[in-house]
Every structure is written in structure tokens, then in C-alpha cells.
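Have the model open while you read.

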Amino acid sequence: MKKGDFIWLGLFSLIVFLLVFKPTHQVYIALNRAHPYFMGFLKVSILATMGELLSIRLQKGKYLKPYGLFYRFLVWGFLGMCFVLVFELFASGTDVVMKKGLLPGNNKILHAFFTSALMNLIFAPTFMAFHRITDTYIDLGKGKIANIFSIKFSSVVDYIDWQKFFGFVILKTIPFFWIPAHTITFLLPPEYRVLTAAMLSIVLGVLLSIRKG
């Protein structure tokens, strides 16, 4: 354990404490209802960025600041806002099509599974490709905004290993990790779903780091 590990664990423990401590838990619920997009930005940007840093720690043996950490933080925040809309869209949509008999069953577990499957099969590939592209822009631009905007889209597309992206990220993590994990997510109350998705990004970062190690 290094100093950085204690800082990371301390911050994560603080977040968990604020979520379970009754007074701050009530504030969290109220903020989620009043400002869903802001909270989506905040939750995902913080937790997913922590996941990226932990992934680097597990791969490199120490915490290193990646290129354009602030821009990565903003991208994650934007995606967090998207998750707020998309989670509600697929959860409500699945409920409607199940009631119309377009999908079998009528219980919470099947609803959670179908919601997760539809979301991950329809939305996740687009989100993952978008995130891969933005990360590549930041990497190629070495985190400098002037460099990032000077990079051609064709250069980004050519740089990405799309075979690995589809072969592993799409065809393996979606069916074997994200669909089962988000099935559990959609069994939770709505105010915890985006938060859980952000925490799952930390878990996936760990799994990917172990795979690369």
C-alpha cells in the first residue's frame, strides 16, 4: 500500500459514508430529484475518473496523471448526464412494451434483465465508441486543447484498434459483464442506478487491468 492508495481508499470511503449516513443520504436523495442532470454529471465524473486512476495504478504500479485528466473528467460528466436520460428511457420503455405483451413476463427480475439487455445492445456500443474516440483525441493531443482541436477525425479513427474494440469491448464485456451487472442495477431504486453504473466502471477498470497485467 502506497500513499496514493490510502488517498484513493479514503476518498472512496468518504463517498460511501456520505451515501449511507442518514442526514447526507437524505440530501443526496433530494438533490437527485431536484437536479438529476447535475447529480449525474457529478457522480459519474468523480467515480469514473477514480476508476481510470485506479486502473493506471494497477497496470503501472503507481498513480500517474493521464493526458488531459480534466477533459476526461468533463467527458465522463457529460456521459453521466446522458445516463440519467438513457436509464429512464429504457426502464420506462421496457415497462411499456412488457405491458403490451411485446416482451414476455411481468416481474421485476425480467424487467431489469430486458432493460439491461436492450440498453446495452442498443445504446452501449454508441456510448463506448464515443468514449473511445474522445479518449483518443485527448491522447493524441497529449491533453492540450489546441492540439486536440487540430487533430483530424480520420486520424483518430485510423489510430483506434477497432478489431480489439469490437472483439473484446463489445462482444465480451457487454454480454458477460454489463448486461448481468446492469440487471442488478435496474433492480435498485432509480436514484441509485446512475451511481451504481459509475461504481461499476471502477470494477470494470480493475478487471481490465488484471487482464492486461
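The side chains of Thr 115 and Thr 94 make a polar contact at 3.4 Å. A polar contact here is a pair of N or O atoms within 3.5 Å; within protein, one must be able to donate a hydrogen and the other to accept it, and residues adjacent in sequence count only if both atoms are side-chain atoms. This is a predicted model, with local features needing pLDDT of at least 70 and side-chain atom pairs counting only at pLDDT 80 or more, while totals for chains, interfaces and linings use all residues. Residues are numbered from 1 along each chain as its sequence is written, and side-chain values use heavy atoms, with hydrogens and water left out.

Thr 115 sits in helix H5, residues 108-122. (Helices are DSSP runs of H or I with at least four residues, strands are runs of E with at least two, and both are numbered from the N terminus.) Which residues does Thr 115 touch, leaving aside its neighbours within four places in sequence? They are Phe 90, Ala 91, Thr 94 and Phe 186, where contact means heavy atoms within 4.5 Å.

How exposed or buried are the residues picked out here? Buried means under 20% relative accessible area, exposed over 50%, and partly exposed in between, using a 1.4 Å probe and protein chains only.

| Residue | Relative accessible area | Class |
|---|---|---|
| Thr 115 | 0% | buried |
| Asp 5 | 7% | buried |
| Val 206 | 24% | partly exposed |
| Lys 22 | 59% | exposed |

Asp 5 belongs to helix H1, which covers residues 3-20. Its side chain reaches back to the backbone nitrogen of Lys 2, at 2.8 Å. Beyond its neighbours within four places in sequence, Asp 5 is in contact with Arg 57 and Tyr 63.

Over in helix H10 (residues 193-212) you'll find Val 206. Setting aside neighbours within four places, Val 206 contacts Leu 54 and Leu 58. Gly 167 is 39 residues from Val 206 along the chain, and their C-alpha atoms are separated by 19 Å.

Lys 22 is in helix H2, residues 22-34. Pair it with Lys 100, 78 residues away in sequence, and the C-alpha to C-alpha distance is 39 Å.

One backbone detail deserves a look: Lys 142 isn't a glycine, yet its phi is positive, at about 55°. You'll find Lys 142 in the loop between helix H6 (124-140) and helix H7 (145-150).

Now zoom out to the whole chain. How many helices and strands are there? The count is 10 helices and 0 strands. The chain is as compact as a globular protein of its length, because its radius of gyration of 18 Å is close to the 17 Å that the globule rule gives for 213 residues. That radius is taken over C-alpha atoms, and the rule is 2.2 Å times the number of residues to the power 0.38. Along the principal axes, the C-alpha atoms fill a box of roughly 50 × 45 × 30 Å.

Of the 213 residues, 42% count as buried. Among contacts with a separation of 6 or more, 70% come from residues 24 or more positions apart. The accessible surface comes to about 12300 Å², with 71% of it belonging to carbon and sulfur atoms; areas come from the Shrake-Rupley method with a 1.4 Å probe, and for residues only the protein chains shown count as cover.
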